[in-house]
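Hi everyone, thanks for coming. Please bring up the structure on your screens, and we'll walk through it together.

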Amino acid sequence: MPTFDVGIVGGGCVGLATAYQLRDAGLKIIVWEKEAEPAFHQTGRNSGVMHSGIYYKPGSLKALNCIGGREEWVAFAQAHGVAHEVCGKIVVAADETEIPGLEKIYRRAHENGLTLSRKITPEEIREIEPECAGVAGIFVPYTGIIDYRAACVKMTEILRQKGHKVIFGAPVKALKRQTDGYAVHAGNETYRVGRLAACAGLWADKIARMDGLNPEARIVAFRGDYYRLLVPKVRHLIYPVPDPDFPFLGVHFTRMTNGETECGPNAVFSFKREGYSRSSFSFSDAWNALSFSGTRRFFAQYWQKGLREYQRAFSQKLFHKTLRRLVPSLQANELAPARSGVRALALAPNGELLDDFVFIETERSVHVLNAPSPAATAALAIGRQIAEKILNKTNS
Ligand SMILES: Cc1cc2nc3c(=O)[nH]c(=O)nc-3n(C[C@H](O)[C@H](O)[C@H](O)COP(=O)(O)OP(=O)(O)OC[C@H]3O[C@@H](n4cnc5c(N)ncnc54)[C@H](O)[C@@H]3O)c2cc1C
């Protein structure tokens, strides 16, 4: 039976970053990814933003890992020629009612030590983004963009060069605890590993259950659709002030590393965990989510906003209307439907979204139960934390 010191489930940014942070620890590592390539789900379908850390509660895992992780990505991208740019972003209040929310973000940015974030006037907004209009804004110089998929390809390459194994097309189907580790059935093979890290994104709760755990929270999938901007009206990144009553950042304009600008993502409940179109449906995923008290309570709390998000998901006109609040000159025919991504969000039975990153551990395993945005930005920092937890576990 092939034997390794550490087995890692998931070839997204968190799993690969964990392996990357363990690469020189003198351990034999294996990563199993069920798809044929790395970063096939959340990591490769996100906005490609390296977030600054301005939104998160001071001292939270999100705040700490976002700031550290972003700096590590910039160093990694520079060292390995991964496309990236620290271009900064603006957060814009479209009208007076959004100013208290903007002030709150400004205060939080400074509480998190991001002291170069500064308030900007409507004239300065126009200097930075000539087509953007707002009554006030914040310029955040720390934010950047990166090609996360390319970064994952590079980490795979480095791991393989160092003699570790990263296998694609190898879904982990069963985990069996043994006295000295795990027997892991992945693809058509059974492996023995001493310690295990599970970084399975949309399937985090399922892998935890395979390990005999019974997490209270369940992963619920929220799709985010993007439109592509057909005219060069945006230079960098433009974000709205997030709705304080809805746990998402709001649709924004993002220049990607390939030079295109994308607008989105919205946030709609997805009837399929890996469903990337508006009609995607899986009976078992839908049943799993809808039979859970947390989902029903979440819907009861957010039904009005959820309904509006649904309408917008099917109406380019409504999407356009939202975007025009930030870029008034934007015409409907300057947008074309583009790709979608699906977020894995952990919901508690009381309907609350788990706000921070969540790890659960056993004697020989670490499970990443909740790694929502900014987990791509934070991946190298989260990976370091998981690596430390793994190193502290017995291997005898
Ligand atoms: C639309 C959208 C926009 C976002 N924008 C940003 C952003 O701009 N910046 C940011 O920082 N974050 C962003 N995020 C969040 C970020 O992308 C995720 O938090 C991050 O990618 C999570 O990484 P992961 O490795 O945990 O999950 P994933 O990337 O989903 O990787 C998990 C991997 O595990 C594999 N897997 C699952 N089950 C098994 C199994 N049984 N066997 C083997 N393999 C398995 C999956 O195939 C998958 O490849 C966004 C997310 C979405 C969806």
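Let's start with a question: are Trp73 and Phe76 buried or exposed? Trp73 is buried, and Phe76 is buried too. By buried I mean under 20% relative accessible area, while exposed is over 50% and partly exposed is in between, using a 1.4 Å probe and protein chains only.

A quick word on the ground rules. This is a predicted model, where local features need pLDDT of at least 70 and side-chain atom pairs count only at pLDDT 80 or more, while totals for chains, interfaces and linings use all residues. Residues are numbered from 1 along each chain as its sequence is written, and side-chain values use heavy atoms, with hydrogens and water left out.

Now, the core. In soluble globular proteins, nonpolar side chains tend to be buried together. A nonpolar core here is a set of buried Ala, Val, Leu, Ile, Met, Phe, Trp, Tyr and Cys residues joined through side-chain atoms within 4.5 Å. The largest one has 42 residues, and Trp73 and Phe76 are among those with the most contacts inside it, along with Ile8, Met155, Ile382 and Ile386. Elements that each supply at least two residues of this core include strand E1 (3-9), helix H2 (61-80), helix H5 (148-161) and helix H10 (375-391). Helices (H or I, at least four residues) and strands (E, at least two) are DSSP runs, numbered from the N terminus. The largest share of the core, nine residues, comes from H10.

Apart from that core lies another, of 22 residues, with Cys66, Val91, Ala109 and Ile145 among them.

Next, the rings. Phe, Tyr and Trp rings (for Trp, the six-membered one) pair if their centres lie within 6.5 Å; planes under 30 degrees apart count as stacked, over 60 as edge-to-face and the rest as tilted. That rule gives 16 aromatic pairs. Trp73 and Phe76 have ring centres 5.6 Å apart and planes at 80 degrees, so they are edge-to-face. These two are separated by about one helical turn, because they sit three residues apart in helix H2.

Which ring does Trp73 pair with at 5.9 Å centre to centre? That partner is Tyr148, again edge-to-face, with 65 degrees between the planes. This pair links distant parts of the chain, since Trp73 is in H2 and Tyr148 is in H5, 75 residues apart. Trp73 has a relative accessible area of 0%, and Tyr148 is buried as well, at 2%.

On to helix packing. H2 and H10 pack at an angle of about 100 degrees, with their axes 6 Å apart. Axes are lines fitted to C-alpha atoms, for helices over the stretch in contact, and angles run from 0 to 180 degrees between N-to-C directions. So H2 is roughly perpendicular to H10; that label covers 65 to 115 degrees, with under 35 roughly parallel, over 145 roughly antiparallel and the rest oblique. Our friends Trp73 and Phe76 are among the H2 residues making the contact (heavy atoms within 4.5 Å), and H10 brings residues including Leu380 and Ile382.

Finally, some backbone details. The peptide bond between Ser373 and Pro374 is cis, with omega about 15 degrees, and Pro374 lies in the loop between E20 and H10. Another cis bond runs from Gly264 to Pro265, with omega near -10 degrees. Ala39 has a positive phi of about 60 degrees although it is not a glycine, and Ala39 is buried, at 1% relative accessible area.
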